[in-house]
Amino acid sequence: MVKVRNSDGPIVVKETFFQKNFRRERKLNRSRAGNVLLFVFMGLCGAFMVMPLIIVVNNALKPLDEIFQFPPRIFVRNPTTENFTDLFISMSETWVPLSRYILNSAVIMVFSVFGHVIVASLAAYPLAKHKFPGKKLLFSLVILSLMFTWQVTQIPNYVIISFLGINNTYLALIIPAWGYGIGLYLMKQFMEQIPDSLIESARIDGAGEFRAFWRIIMPNVKPAWLTLMIFQFNLMWGNTGYLFLRSEELKPLQFAMQHIAAGGPRRAGEAMAVLFVLAAIPITFFLVCQSSILETMTTSGIKE
C-alpha cells in the first residue's frame, strides 16, 4: 500500500500496480474451474494407478472360460472362489506342509526387515551426527552402491555366502538384506534434520551415545524407519531365495506359490489367485503402517 496526500489535505491509501496484479493472480489461482480441473486430473491419475489392482482382483475371481476369453474383459461376469479353493488344495498336497512355508516366510521377513532397520540406523547415526576422516568418501560409496541392481551383485553375494558357509540356510537371505544401501541413505538424510542441540542436551544430562541414539534419534525418525520397513518388506517379499535355498523345508511361501502357478494352462486359475495373494499381503502391510508413516517428524520446524 502507498499513502498519497490529496490536494484537499486527507491521506488516501492506494494499491501499487504490483499489488493489484498479485491479488488478481491469487484469485485466478484459486478459481473454482481450476480446482475442478485439478481434481479431475488427480482422479484420472488415481484411476490409472489403481487399474492394475482392479485387474488382479477380477482375474482372481474369474472362472477358466473367462480367463481365456478373447478379447479379454476387465470385469468378471460370473465371480467364483474356485481358484482360491484349488490353490489351497494344491498347497496342501505338496511334500512340505503349508504351515512350514508360512513359517519360513515369517522368519525370513521378520529378521530381514527389523535387522535391516537396526543396522541401517546404527550405521547412519555416525555419518549424520559425527565428524571423522573419510566420512564423505564412505557416504559416496553408499550412494554409488545404489546404482547397481541385484543382478550385478548376485554372483559376488553367492561367493561370499558360500565362503561363510551359510548357504542353504535362513542366514543366506537374512544377512545380505541387512546391507542394502537404500536404508542407510534414507536414515542418514532423516537424522540430519534433527538439531544437534537435542543430542548435546542429552550428553549434558549424562546420556551416552547409545542412550542418545535410542531415546532421542530413533523416536524422532519414526516415519523414516517405518517407511524403510515397507520398502524392505516389499523387497524381501519378492525374493524367493531360489539361488541360495536348495532344501524344500527352507523355501518361503512365495516360492511354493509361484511354483504352483507355473503349472501351465491347467492351473491358470490358481495362477491368478497366486497373483492376488502376492499383491494383497504387501498392500495389507502398507495399510497397517500407513497412519504412522504419514506422521510428521517431531523436530520439523525446529531451527538451531
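Good morning. A search of the whole structure finds 3 salt bridges, a salt bridge being a side-chain nitrogen of Lys or Arg within 4 Å of a carboxyl oxygen of Asp or Glu. This is a predicted model, in which local features need pLDDT of at least 70, side-chain atom pairs count only at pLDDT 80 or more, and totals for chains, interfaces and linings use all residues. Residues are numbered from 1 along each chain as its sequence is written, and side-chain values use heavy atoms, with hydrogens and water left out.

Let me begin with Asp196 and Lys129, whose closest N and O atoms are 2.9 Å apart in a salt bridge. This pair links distant parts of the chain, 67 residues apart: Asp196 lies in helix 10 (residues 196-204) and Lys129 in helix 5. Helices here are DSSP runs of H or I, at least four residues long, numbered from the N terminus. Is Lys129 buried or exposed? Lys129 is buried, at 14% relative accessible area, whereas Asp196 is partly exposed at 35%. Buried means under 20%, exposed over 50%, and partly exposed in between, with a 1.4 Å probe and protein chains only.

A second salt bridge joins Lys188 and Glu192, at 2.3 Å from N to O. Lys188 is buried at 6%, and Glu192 is partly exposed at 39%.

I turn now to Ser105, which is also found in helix 5, spanning residues 98-129. Ser105 is buried, with a relative accessible area of 6%. Leaving aside neighbours within four places in sequence, Ser105 is in contact (heavy atoms within 4.5 Å) with Pro252, Leu253 and Gln254.

Technical notes:
Helix = DSSP H or I, 4+ residues; strand = E, 2+ residues; numbered from the N terminus.
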